[in-house]
Amino acid sequence: MTKISPPGMMNKERRAKALDLLSIVIDLATFITKFLWLAVVLAAVQAAYRYLKNKFHW
């Protein structure tokens, strides 16, 4: 005998899997945006440092 699960259960399981996937994607997106912010801040600091260095000839 093969066990047949009711359709309601399948939908719940599918929904749970989809939510897990969504949360993983959202976590990745937040991680990437944090990384991008860090890169932007570092680039701005580097540009400011170069500008000041050229301006005042340190």
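Before you click anything, a word on terms: buried means under 20% relative accessible area, exposed means over 50%, and partly exposed is in between (1.4 Å probe, protein chains only). This is a predicted model, so local features need pLDDT of at least 70 and side-chain atom pairs count only at pLDDT 80 or more, while totals for chains, interfaces and linings use all residues. Residues are numbered from 1 along each chain as its sequence is written, and side-chain values use heavy atoms, with hydrogens and water left out.

Of the 58 residues, 0% count as buried.

Now select F31 and F35, both in helix α1 and four residues apart, about one turn of the helix. They are the one aromatic pair in the whole structure. Their ring centres sit 5.8 Å apart with planes at 35°, so the pair is tilted (centres within 6.5 Å; under 30 degrees is stacked, over 60 edge-to-face, the rest tilted). F31 counts as exposed because its relative accessibility is 51%, and F35 does too, at 55%.

Finish on L36, found in helix α1, residues 7-56. At 52% relative accessibility, L36 counts as exposed.

Notes:
Helices (H or I, at least four residues) and strands (E, at least two) are DSSP runs, numbered from the N terminus. Rings of Phe, Tyr and Trp (its six-membered ring) pair if their centres lie within 6.5 Å; planes under 30 degrees apart count as stacked, over 60 as edge-to-face and the rest as tilted.
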